[in-house]
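Here are some notes for your first look at this structure. Please keep the sequence and the 3D view side by side as you read.

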Amino acid sequence: MKVADSGMPDKVYWDSLFDIVSIVDWLELTGIAGPIVELGCGYGSFTVPIAKKTNAQIYAFDIEPAMLEAAQINAQKEQLSNVHFCLRDIFEQGTGLESNSMAMVLLFNILHFDEKRVMLKEASRILKHGGVVAIIHWRRDIETPRGPATHIRPDKKEILEAVSGLDLHDTGNSKILEPYHWGIQLIKGS
Ligand SMILES: C[S@@+](CC[C@H](N)C(=O)[O-])C[C@H]1O[C@@H](n2cnc3c(N)ncnc32)[C@H](O)[C@@H]1O
């Protein structure tokens with residue numbers, strides 16, 4: 001099942017809606033040696049700069065062949081060899097990755113649907129103890145030029161409710177990611 005309202009405008013416009021450098025900095029990638037996973041990678045707007053900043057292996061999933069192809073081309077332009085693209089419906093099929101094996105899972109601009117716990121549960125399953133789920137989404141406290149309907153954008157309270165019992169805990173590193181987004185990081189294990 002493709003997440004509703006998860007279609008993409010053209011890449012140049014999409015990328016202009018974020019301060020990508022600041023968001024990648026917020027991930028504090030230094031010291032993350034293990035694999036990183038992005039669920040719903042789109043054009044690779046974040047996958048590619050992350051792959052440039054780390055030697056970690058990156059697994060980038062998307063349900064749309066055209067998106068994956070675009071992301072792959074963007075990675076090739078940067079001559080990256082540490083990104084692996086996977087065509088998959090994460091909602092229906094999960095990732096197929098080994099349990100307790102990943103250092104970081106990215107859920108960027110994808111959790112605006114009722115069954116978000118399905119993806120969060122998969123993220124928790126594949127993360128190692130001490131691994132981190134990083135989530136960003138459109139703010140709902142301001143007008144934004146793009147993004148799903150305001151009432152379906154998750155806020156911090158909804159994310160924390162959705163991870164109840166999944167052994168994912170707020171790191172305290174939640175913040176506004178100007179101009180239009182906010183983010184939260186959750187660590188597996190206490
Ligand atoms: C709004 S885009 C965000 C892309 C990227 N995370 C970013 O922030 O630039 C959401 C992406 O999730 C993908 N997607 C939607 N449902 C999915 C599913 N069930 N499994 C895997 N990918 C999915 C869409 O094809 C789309 O590329």
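Predicted model: local features only at pLDDT ≥ 70, side-chain atom pairs only at ≥ 80, totals over all residues.

1. Now take helix 4 itself. It covers residues 65-77, 13 residues in total. From first C-alpha to last, helix 4 reaches 18 Å, close to the 18 Å expected at 1.5 Å a residue.

2. Which residues of helix 4 are buried? They are Met-67, Leu-68, Ala-71, Asn-74 and Ala-75. These residues lie on the same side of helix 4, because they cover an arc of only 125 degrees around the axis.

3. What do the buried residues of helix 4 pack against? Their partners are helix 3 (47-53), strand 2 and strand 3 (83-87).

4. Five of its five residues are buried, so strand 2 is largely enclosed by the rest of the structure. Ile-58, Ala-60 and Asp-62 point one way from the strand. Tyr-59 and Phe-61 point the other way, and all of these residues are buried. In a regular strand, side chains alternate between the two faces of the sheet.

5. Strand 2 has a parallel partner. Strand 1 (residues 36-39) pairs with it over four bridges. Within this pairing, Leu-39 has Phe-61 of strand 2 as its bridge partner.

6. How many residues surround the ligand? There are 21, and the closest are Gly-40, Gly-42, Ile-63, Ile-90 and Phe-108. By type, the shell has twelve nonpolar, five polar and four charged residues.

7. Is Leu-106 buried or exposed? It is buried, because 24 other C-beta atoms lie within 10 Å, and the cut-off for a buried residue is 20 or more.

8. Check the contacts of Leu-106 too. Leaving aside residues up to four places away in sequence, Leu-106 touches Ile-36, Val-37, Glu-38, Leu-39, Phe-46 and Ala-134.

9. Finish with strand 8 (residues 181-188). It is mostly covered, with six of its eight residues buried. Strand 5 (residues 127-138) runs antiparallel to strand 8, and seven bridges join the two. Here His-137 stands opposite Trp-182 of strand 8.

10. Strand 6 (residues 168-170) pairs with it over three bridges. Leu-168 has Lys-188 of strand 8 as its bridge partner. Strand 7 (residues 175-177) is also joined to strand 8 by three bridges. In that pairing, Lys-175 stands opposite Gly-183. Strand 7 and strand 8 form a hairpin, with three residues between them.

Conventions:
Residues numbered from 1 in each chain as written. Buried ≥ 20, exposed ≤ 12 C-beta atoms within 10 Å, placed from the backbone. Contact = placed C-beta atoms within 7 Å. Near = placed C-beta within 6 Å. Nonpolar A, V, L, I, M, F, W, Y, C, P; charged D, E, K, R; others polar. Expected span 1.5 Å × (residues − 1). Arc of directions from axis to C-beta. Pairing = 2+ DSSP bridges.
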